[in-house]
Amino acid sequence: MESLYRKYRPKRFSELVGQDHVKRVLIRAIEEEKVSHAYIFAGPRGTGKTTTARILAKALNCENRQGAEPCGKCYACKAIDEGTFMDIIELDAASNRGIDEIRKLREAASFRPIEGKVKVYIIDEVHMLTKEAFNALLKTLEEPPEHVVFVLATTNLEKVPPTIISRCQVLEFRNLSEDLIYKRLKEIAEKEGINASDDALKFIAKRSMGGMRDALTMLEQTWKFAGSEISLKDVEEALGLVGIETVKRYIDALVSSDVNEIVNVIEEVYRSGKDLSVLVQETIDYLLEEISSGRYEYIGLSKEFLTILKDLRFFENKKLYLKTASISMCKNLNPSLKSSEKDTKKTVKSEVKQEKIEKEERFDIAKVEMQKVNVEARGIPKEVDKVIEYLKEEGDLSIYVALSMADEIHIEGNKIKVIFSNEKKVHYEVLKQKIFEAEDAFKKVHGKDYMIEVESKEETQRTKKIKKKLMTLFDGEGEES
Ligand SMILES: Nc1ncnc2c1ncn2[C@@H]1O[C@H](COP(=O)(O)OP(=O)(O)OP(=O)(O)O)[C@@H](O)[C@H]1O
Ligand SMILES: [Mg+2]
Ligand SMILES: [Zn+2]
């Protein structure tokens, strides 16, 4: 079954939810035939960047445009919707970071469109390009071919060089409001014959934190789990949430330093088969709500939990880690523990010592856990293995784990390709975030520059499909790579 978020990808500007400023600018440009040669679509994930790029591409290639809206029926519109149109080229910069790819792109861009009127290059995660690749891209942006429009999409605008930004028109996508997401969910639920209660949909809208893709994924998850009648409880269960009662018990236990109760709550959640990171996530959600309604005493606690959430995914034994972290946290919380010693100097000293011990404890757990990560067994190239060893001892543990979890790692010259299967999305994201740090680690160990590219398997599939189409089109003359 096609996923809901794919099925309900808006096909025209009027279907796109929110992003009014972006829509206004693009619609006017299309109507006045003043479309720029290069746009940057910047903003959070799942808010409509790729969707809008494709609508723009359709509007530019449609044979039967109505105002600024693509007709949706002509050959170009249909082919673009199906993802098979030859003149829309989507490139993922996270797995094509180098100058060679951009050079190839520049060359290809100079040829006229094959099927349509305008070639549209959509470069996703453009901030991942190397410096050299950006320079090559800059040259193209300085003298763009007449028949080409670039859409550079990014979730990290601040990582895009100013020279590139100044050549593009920047359109900023925003997180969607809870209300807009709720309405869209309601609309889609009705179309699919899903009878979902209002509080269920509102809960999903809130939890999606502004991302429409996440919201639709949650609706779908619940639908598959509970069928067409959906209550708030169904959502909580389908998403494997622990629920507000448990969260409150947990926080009470922390605040009153009730070690037994802390352990109880963690054990209960664990035994019910739920992911412990969910408990942490929900605790943070709850604390943030409390803070926003004036309970500022929770600020420190919420900060601690953010760190825990970040660390938790790197531990195999999450239960052990969460217990240790929770218990060590409640000592900081309980003022009576701190004021029990009269000599303040002594108190400070012992607190420092205490903190050091706790840190060391945490680190010990880390070390044990880390060793379990299966580094061998996957035929990792020797150069990479050395770096992994280095990272384990003195580098960034999150990069260490990400590299250790990769499904495939290939080296060719100075280019390293790291491939993750879909279920290792978390590690893929971590490495993508820390790619420059990872490259530094390679430099430290081997004394020369490497370029790392990351790829998640899903994207590879798509690329393969398009390549196949190219091959048949050129009667088998397309190159293998
Ligand atoms: N503004 C929106 N209006 C309606 N649906 C949306 C909107 N934004 C996202 N969606 C839904 O989420 C899905 C993913 O959106 P899209 O691919 O455009 O996100 P994106 O901004 O490119 O995200 P990413 O940064 O992860 O690439 C769409 O197929 C659609 O179902
Ligand atoms: Mg996208
Ligand atoms: Zn059309």
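Which residues coordinate the zinc ion (ligand 3)? Select the ion and show its neighbours: Cys62, Cys71, Cys74 and Cys77 each bring their SG atom, at 2.3 to 2.4 Å. Donors here are N, O and S atoms within 2.8 Å of the metal (3.2 Å for Na, K and Ca), and water is not among the atoms, so sites may look incomplete.

Before moving on, keep in mind that this is a predicted model, where local features need pLDDT of at least 70 and side-chain atom pairs count only at pLDDT 80 or more, while totals for chains, interfaces and linings use all residues. Residues are numbered from 1 along each chain as its sequence is written, chains are lettered from A and ligands numbered from 1 in the order in which they are written, and side-chain values use heavy atoms, with hydrogens and water left out.

**Stop 1: still at the zinc**

Along the sequence, the donor residues follow the spacing C-x8-C-x2-C-x2-C. Cys62 sits in the loop between α3 (49–61) and α4 (75–82), and Cys77 is in helix α4, 15 residues apart. Helices (H or I, at least four residues) and strands (E, at least two) are DSSP runs, numbered from the N terminus. Now colour by accessibility: Cys62 is buried, at 3% relative accessible area, and Cys77 is buried too, at 0%. Buried means under 20% relative accessible area, exposed over 50% and partly exposed in between (1.4 Å probe, protein chains only).

**Stop 2: the five-stranded sheet**

Switch to cartoon; the chain has 23 helices and 10 strands. Pick out the open sheet of 5 strands, ordered β2-β3-β4-β1-β5 with parallel pairing (two strands pair if DSSP finds at least two bridges between them). Its edges are β2 (88–92) and β5 (169–172). Neighbouring strands are turned by 20° on average, direction ignored. Zoom in on β1 (residues 38–42), which 4 bridges join to β5; Tyr39 has Gln169 as its bridge partner there. Axes are lines fitted to C-alpha atoms, for helices over the stretch in contact, and angles run from 0 to 180 degrees between N-to-C directions; contact means heavy atoms within 4.5 Å.

**Stop 3: the nonpolar cores**

Next, show side chains for Leu185, Ile230, Tyr250, Phe305, Ile308 and Leu322, which touch the most other members of the 54-residue largest nonpolar core. Such a core is a set of buried Ala, Val, Leu, Ile, Met, Phe, Trp, Tyr and Cys residues joined through side-chain atoms within 4.5 Å. Elements giving two or more residues include α8 (178–191), α12 (244–255) and α16 (318–333), and α14 gives the most, with 8. Centre on Leu322: leaving out residues up to four places away in sequence, it touches Tyr250, Ile266, Leu276, Leu279, Val280 and Ile308. A second, separate core has 53 residues, among them Leu91, Ile380, Ile388 and Val454.

**Stop 4: the three-stranded sheet**

Finally, select the open sheet β8-β9-β10, whose pairing is mixed. Its edge strands are β8 (408–412) and β10 (451–456), and the twist averages 15° from one strand to the next. Between β9 (residues 415–420) and β10, which run parallel, there are 6 bridges; look for Lys417 opposite Glu453. Helix α22 (residues 435–446) packs on this sheet, touching β9 and β10, and makes about 135° with the direction of β10.
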